[in-house]
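Have a look at the structure first, then read on.

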Amino acid sequence: MTPVTTLQQSTGTARPVARRHRTRTAPVDARYPYWFYLLPAVVYGVFFLVPTVVSFYYAFTRWDLFTAHWVGLENFRTFFQEQSLVRGLTNTLIYAAITSGLKVVLGMALAVLLTSKIIARGYLRSVLFFPTLVSTIGIGITFTVLMNPEKGLINNMLSHAGVTGPAWLVDPSWALYSVAFVDVWKGVGLATVIYIAGLVSIPQEYYEAARVDGASSWTVFRHIMLPLARPATATVVLLSLIGGLRSFDLIWTMTGGGPGFTSDVIASVVYKQYQAGFYGLSTAGNVVLFVVVAIIAVPLSWFLNRKEVQA
Amino acid sequence: MKIQTRLRRRGAIAALAAVGTLLAGCGGSSGGSSSASTTTGTTSNSSGKTTKISFLVDNGDGTVAMAKAVTDAFHAAHPNITVDVQTRPGGGDGDNIVKTRLSTGDMADVFQYNNGSLLQPLKPAQTLVPVDAASWTSDLDKNFVDSTTVDGKLYGSPWGPAFGGGILYNIPVYKKLGLQIPQTWAQFMANSAKIKAAGIAPVIQTYGDTWTSQLIVLGDYHNVEATTPDWATKYSNGQIKYATDPAALRSFQHLEDLHKAGYFNKDYRSAKLNDGLKELATGTGAQYPMLGSVVAGIEQQVPGKINDVGFFPVPGDSAATNGLTIWPANGIYIPKTTKGDKLAAAKEFQAFFATKAACDALTKGQAPTGPYMSKQCTLPADVTQVTKDTTKYITEGKASTALEFKSPVKGPNLEKILIQVGSGIESAQKGAQDYDQDVRKQAQQLGLSWAS
């Protein structure tokens with residue numbers, strides 16, 4: 001009778017009860033819920049659904065905000081010929097993989113640390129979570145100053161230690177990784193919190209049983225924490241991967257896709273086309289981005305959740 | 001049961017009311033305001049009250065100071081009109097705001113905006129009120145009129161002075177090393193070698209502000225046009241390209257030359273415009289390919305050094321045809337949504353910009369960077385060295401307007417491409433090819449025939 005099985009039993013029995021309850025009382029209950037749905041539905045429809053559907057139409061037009069000419073697939077053809085697109089696509093994938101990978105590893109490690117019995121645990125938890133609460137643009141501007149190769153604090157400190165720091169954001173081979181590093185710094189707090197929740201919900205009985213059997217800390221981590229924190233891993237991977245694929249604000253604030261086009265991601269390519277006034281073309285780019293995110297995220301979500309059920 | 005139905009009905013009404021307010025909020029601002037203000041305008045003006053018009057400018061420090069000075073002067077001359085200055089961001093974001101506000105009918109009564117290649121995307125024929133054959137138009141500079149005319153109709157009056165795009169240089173450094181103003185690229189490179197030997201950065205680049213990378217190419221256009229007089233027309237028609245025309249490709253190669261020779265300031269990848277101005281004015285850098293309009297910033301960066309900085313055109317292949325590429329003043333436009341009394345007031349305000357009173361007020365707002373675009377205006381005697389140099393080339397007739405005022409096609413990614421060339425990420429040849437591709441997109445958007 002572990003808590004896990006009780007939980008399963010209780011949800012198993014709760015479901016039919018809820019269904020019965022709903023069908024019986026529907027006519028009375030409906031008067032509030034249905035009207036309350038209307039206003040959010042209108043807001044959601046006007047500001048989200050309608051623009052989304054309309055954007056699929058504008059993706060096939062040459063649109064200058066005044067008139068739209070139907071051009072068929074020309075926008076998509078131009079978009080795929082975009083010189084910075086291939087690099088943008090690879091950069092997007094690299095960025096998403098690096099940020100979500102590091103967030104999983106660091107988040108897990110920090111969560112293990114912060115659930116163990118250490119001094120000032122509560123304080124450390126809030127310090128770690130703090131960057132998540134700060135505006136991304138603010139963080140971007142701050143780090144742009146810190147990472148300035150000549151005047152920035154980071155390279156100043158490195159030079160005191162006798163190390164010549166890289167040019168961070170203005171070196172073509174470093175720019176993308178520098179931004180990814182800041183993204184991880186900002187996002188690891190959230191990943192840690194999700195992991196802490198996952199680790200705390202693992203019943204103590206497992207640890208006790210393992211210790212009785214003489215398992216080492218590594219074995220406990222490998223065979224108890226890691227598999228039982230799987231739902232947390234799935235959440236962190238999905239959230240940070242989708243976030244990484246759609247990433248824009250941090251990259252735009254810190255490098256603007258530069259130097260040149262070396263740290264462009266799909267979202268910044270699309271934004272630049274919008275800035276240039278190629279509205280139809282940038283709408284087509286957004287449709288492509290939507291499809292790419294869906295192609296990666298939907299199967300991944302299905303895969304991770306399927307494993308979760310088996311475990 | 002009765003209570004229940006009443007509740008339900010009240011809920012429905014509340015929801016409908018909420019939807020109603022939402023929709024009214026969306027639609028009312030554009031349609032409502034213009035019609036309402038027109039009617040109040042008519043009644044108020046006939047009884048001798050003031051007409052209020054709004055005036056939208058970009059939020060640059062200099063621009064805001066000029067706008068304030070010129071509206072003050074206008075109020076003094078026209079006590080029955082009040083001009084309310086509003087600001088918007090500059091750059092690409094500003095372009096989008098102007099286009100969006102025009103297309104939704106929500107534009108200010110008068111606004112300041114670029115002419116040349118940026119005017120065409122506003123669809124002036126649909127959105128702007130053309131200038132009727134007014135007396136003041138005959139006083140305007142031909143370059144300005146050409147770049148503000150679309151399909152034979154003039155749409156604006158001039159906002160401030162013209163300025164050049166070329167090389168700002170540090171006069172004390174030139175004197176100390178005994179250098180001459182270069183007229184050919186070879187002389188320029190020879191000067192730069194001597195400057196480098198003296199331990200000074202020969203050429204300043206500031207890729208922290210990406211737009212600043214373009215001047216070495218854009219400022220070279222006078223030299224390009226000297227080789228083929230109707231270059232711009234051929235370019236618009238897609239008959240001539242940067243990558244295949246030797247003179248145009250040379251503009252890209254200049255930048256590659258400078259990178260290969262290691263002539264840039266050490267922090268060129270991260271420095272911003274103000275850093276560049278500081279280096280130039282203090283003499284740690286000697287030459288800065290830039291717009292002449294930025295000199296006002298020197299006074300803020302390094303007070304007292306503004307006249308240590310002079311200006312010469314981007315040197316080309318031939319000393320005989322070397323000259324300055326200039327940017328005529330921006331325009332002052334009236335959108336078609338301005339009607340009735342407001343339109344009359346707006347037209348007065350637009351015409352005011354061509355008068356001497358307006359130019360003098362603008363001068364008070366910010367020191368002029370070149371000649372004004374109306375014959376009625378004169379420059380004060382105490383202009384900066386850069387303004388004197390700019391004016392000299394224009395009065396000698398050794399100047400032509402930049403390509404973006406002669407052709408509607410300018411690729412949006414030029415600044416990034418030039419940063420790639422200037423940082424050695426790609427070659428000049430590859431950069432020019434990339435730019436031709438970039439321009440092709442712009443031509444497609446404008447519906448121009450552009451062979452690929």
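The largest cavity has a volume of about 80 Å³, where a volume is the space filled by probe spheres set on grid points joined across faces, edges and corners. A cavity here is a set of points on a 1 Å grid over the protein atoms alone where a 1.4 Å probe fits but cannot get out, and its lining residues have an atom within 4 Å of a point. Keep in mind that this is a predicted model, with local features needing pLDDT of at least 70, side-chain atom pairs counting only at pLDDT 80 or more, and totals for chains, interfaces and linings using all residues. Residues are numbered from 1 along each chain as its sequence is written, chains are lettered from A in the order in which they are written, and side-chain values use heavy atoms, leaving out hydrogens and water.

**Cavities**
- Searching the whole structure turns up three cavities of 30 Å³ or more.
- Lining the largest one are A:T78, A:Q81, A:E82, A:Q83, B:Q437, B:D438, B:R440, B:K441 and B:Q444.
- Two or more lining residues come from each of α3 (74-81) of chain A and α18 (428-446) of chain B; helices are DSSP runs (H or I, at least four residues), numbered from the N terminus.
- α18(B) gives the most to this lining, with five residues.
- By class, the lining has no nonpolar, five polar and four charged residues, with Asp, Glu, Lys and Arg counted as charged, Ala, Val, Leu, Ile, Met, Phe, Trp, Tyr, Cys and Pro as nonpolar, and the others, Gly among them, as polar.

**Chain B meets chain A**
- The contact (heavy atoms within 4.5 Å) takes 40 residues from chain B and 43 from chain A.
- Together the two chains bury about 3,500 Å², 58% of it on carbon and sulfur atoms; buried area is the accessible area (1.4 Å probe) lost when two parts are put together, summed over both.
- On the chain B side, B:R269, B:K416 and B:Q445 lose the most area to chain A, together 17% of what that side buries.
- How many salt bridges (a Lys or Arg side-chain nitrogen within 4 Å of an Asp or Glu carboxyl oxygen) cross the interface of chain B and chain A? The rule finds one.
- The side chains of A:K151 and B:D275 form a salt bridge at 3.5 Å, N to O.

**Domains of chain B**
- An automatic or database assignment gives the domain bounds: domain 1 (51-161 + 329-379) and domain 2 (163-327 + 401-446).
- Their centres, taken over C-alpha atoms, are separated by 29 Å.
- About 950 Å² is buried between these domains, with carbon and sulfur atoms giving 59%.

Note on methods:
On a 1 Å grid over the protein atoms alone, a cavity is a set of points where a 1.4 Å probe fits but cannot get out, and a pocket is an open set with protein on both sides within 12 Å along at least five of seven lines; lining residues have an atom within 4 Å of a point.
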